Amino acid sequence: MTYSLCVYAQRWPELWAVLPSDEARRSLSATLASGRLEGMEPDRELVVALVAQARGEVTADELVARLVAEASVAAPVEGL
């Protein structure tokens with residue numbers, strides 16, 4: 001199966017270069033493509049976080065906690 005680089009891999013090739021395997025590269029590309037279909041436009045910080053998780057530097061739970069914390073700071077809830 002031929003693999004072509006996704007738009008994010010083309011934008012930030014140094015992040016894809018540190019992934020441990022082609023399978024990890026395809027998986028990250030698919031994850032980002034799925035998110036994009038749902039209206040998400042990933043920024044570099046998100047991709048860095050996902051790369052860290054793919055490399056085993058953080059667990060999935062740690063990644064979720066980090067993203068929730070970042071989202072809370074970026075968009076505080078009014079009235080609380």
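Partly exposed here means a relative accessible area between the buried class (under 20%) and the exposed class (over 50%), with a 1.4 Å probe and protein chains only. The model is predicted, so local features need pLDDT of at least 70 and side-chain atom pairs count only at pLDDT 80 or more, while totals for chains, interfaces and linings use all residues. Residues are numbered from 1 along each chain as its sequence is written, and side-chain values use heavy atoms, with hydrogens and water left out.

**View A. Arg44 and Glu14 pair up in a salt bridge.**
For Arg44 and Glu14, the N to O distance is 2.6 Å. Arg44 sits in helix α4 (residues 44–54) and Glu14 in helix α2 (residues 13–17), so the pair ties together parts 30 residues apart in sequence. Helices here are DSSP runs (H or I, at least four residues), numbered from the N terminus. Arg44 is partly exposed at 35%, and Glu14 is partly exposed at 39%.

**View B. Glu70 reaches Arg66 within helix α5.**
This salt bridge has its closest N and O atoms 3.5 Å apart. The two residues are four apart in helix α5 (residues 60–74), so about one helical turn separates them. Glu70 is partly exposed, at 35%, and Arg66 is partly exposed, also at 35%.

**View C. Arg11, Arg36 and Glu41 form one network.**
Salt bridges that share partners do the joining here. One of them links Glu41 and Arg36, at 3.7 Å from N to O. Glu41 is partly exposed at 47% relative accessibility, and Arg36 is partly exposed at 44%.

Note on methods. Salt bridge = Lys/Arg side-chain N within 4 Å of Asp/Glu carboxyl O.
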